[in-house]
Amino acid sequence: MKATLRSTFTILIRSIATVFLSATLALGANVTLQWDPNDPAPEGYRVFVRESGAGYDYANPIWDSINKDQTTTCTLIGLTEGTTYYFVVRAYEGDLESADSEEVDYTPAAVAVNQAPVAEAGSSHNVYEEATVTLDGSASSDADGSIASYLWTQTGGTAVALTHAATAQASFTAPIVALGGDALTFRLTVTDDEGESDTDTVTISVLKSSSTDVDGDNVPDVLDLFPNDPAEWADNDADGVGDNADTDDDNDGMSDTWEETYGLDPLTDDAALDADGDGVSNLDEYTADSDPTAVPGNTVPDAPTIEEVSPAETVSLTPVLVTAAYFDADNDDHFKSRWQISTDSDFATLILDKTSKVQLTAYEVGKMVLDVDTVYYWRVRFIDTDNGVSEWSETATFTTIAPETAGDANLDGIPDSQEVDAYADVNEDGVADSLEGDIMSLNTVEGQTMVGVEPSSEGITLVSVESIASDTISDQTVKMGFGLIGFRLYLADGVTTATVKISFNTRVPADAQLYKYTEENGWQVYANAVFAANRKSVTLMLEDGGAGDEDGVVNGVIVDPSGISYATETVESDSASLSTGASASGSGGGGCFIGTASGPSNTVSGPAAWMSMILLGMGALFAAAFQKVRK
């Protein structure tokens, strides 16, 4: 006979030992129930389940211990996440069944599906070559966990060596690039604490720096046709041979040495011309080894007549050198005059050597050519239309004014009235210009602008800078928004080229170009210049005695007559006013610089009928009023 269960006994569910969550929602959640064994031991146990608001279906247990050796634990599967379940256990023996145990409830939590992290490689941007670049992935995130690892890899562009590539912030040094620059691409992979990953990419555009000089020839690579050859940088005739090695730079069949000997232009094809007008071309004269400038029977002009200034008198830094009238016995016209200035009475060291077709009997010395409180010697010779060259004039002398009279009492190379304040940082390098030894900054006398001039190649020293009112230039067909700026450089022994960076606190338009001005040729585009990407500076290469050097002689001194012209009528200014601490006379205007391009045929206009001009150096210009060196 079957044993009879006691009429009452209690089944206690001891605990819910473990909850197993399924891998997918479709399988549902799991729960394990465990209870105390009944005494005496029954035939088995049954588990019943209900949901909130419903009753137990005692005819259909959710679990039965048949053939389970009276176990006191069970695992239920397929539960719905977020639903509350109620459980009871009954013991049974044959047809007899106990009352319900204590009721327990359980709500399976929703399945937590891992969210992938989000990689943020930062924004793409431009840098200059040789700059230190940081790749920043610290904005990457993981909504339901944390970033366990970072990995930077380069996917395009010139290969670079990444430092700390397995951290949020990697770095590298931007490579030297070609003139067109290069785009470097990088991929950031982030992995979260659940092993899921995400990627993002960033592009770093490397721009050619205006100051990089790989071969160390003082000519920046952006202007150097032979950036890896320190002996070459230009190729006038584009024949692939640098001008220094090329014996015929204009490829006109006449050697440079021969042309220079006879005063022809070694950079211009003048083979078909006839310098002396004798009916024989320059090339034929070269072939015959005859003088291309000498006309048989020509009488040269008389030597010029001048009188020197009284030794007790002083003159300004832009004196006008004057001669008596030209005379030629055979009535040849006055073609050119050659002017020379020296600090030596024997002219062993030339300060200026200029041959002019325009300034024939009066020559105004340009800004920045002369020093204060210095004795100078000068002379001149005339050249007729048959290239007959007179003897030199007698030597005259003059003494320039003292520094305090010139307006630079503190002798720092900047006019006292144009000094910027101690906090000005025109080149925007984070250091006040006054604390740097290689930059001179000033307030312009027109246009409410600050300009900074600084050498960017080795072996050159910036001596002085000056802002000049635009009404000192004779050609008024072009209006100059910032007035004129002159600067002077000294070159170390053996240095023949100089690279200079000129910064503005104003962005110039994209169509801006650097122009060179001379009385002989008017305005001409100056090719040896490159603007920074932000249009707030321009770097130019100058050659002692060559293009860009106003004094016209290889003497270790460079004075640059050049300026910026653009068709756009307005420019964007980062500063609404002048740097405090110095006054600036002249017109204001705040940034709209407009001038007419009509006028003499030798004026180079911009692509539209209106032009603005910032002059960054000026020499050999006639002023409306001047002080003459008297006869």
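How many helices and strands does the protein chain have? The protein chain has three helices and 36 strands, where helices (H or I, at least four residues) and strands (E, at least two) are DSSP runs numbered from the N terminus.

Good morning, colleagues. What I present is a predicted model, in which local features need pLDDT of at least 70, side-chain atom pairs count only at pLDDT 80 or more, and totals for chains, interfaces and linings use all residues. Residues are numbered from 1 along each chain as its sequence is written, and side-chain values use heavy atoms, with hydrogens and water left out.

I begin with the chain as a whole. Of its 631 residues, 48% are buried; buried means under 20% relative accessible area, exposed means over 50%, and partly exposed lies in between (1.4 Å probe, protein chains only). The chain exposes about 28,800 Å², and carbon and sulfur atoms supply 50% of that area, computed by the Shrake-Rupley method with a 1.4 Å probe. Among contacts (heavy atoms within 4.5 Å) with a separation of 6 or more, 64% are between residues 24 or more positions apart.

An individual example is Asn 30, in strand 2 (residues 29-34). Asn 30 counts as buried because its relative accessible area is 17%.

The peptide bond joining Asp 39 and Pro 40 is cis, with omega of about 5 degrees.

Next, the backbone at two loop residues. His 164, in the loop between strand 11 (147-156) and strand 12 (169-173), has a positive phi of about 60 degrees although it is not a glycine. Arg 535, in the loop between strand 29 (529-531) and strand 30 (537-543), is likewise not a glycine and has a positive phi of about 60 degrees. Is each of these residues buried or exposed? His 164 is exposed, because its relative accessibility is 53%, whereas Arg 535 is buried, because its relative accessible area is 18%.

Four strands form an open antiparallel sheet in the order 17-16-19-20; two strands pair if DSSP finds at least two bridges between them. Strand 17 (350-356) and strand 20 (396-399) are the edges, each pairing on one side only. Strand 16 (residues 334-342) pairs with strand 17 in the antiparallel sense over six bridges. Ser 337 has Ser 356, in strand 17, as its bridge partner.
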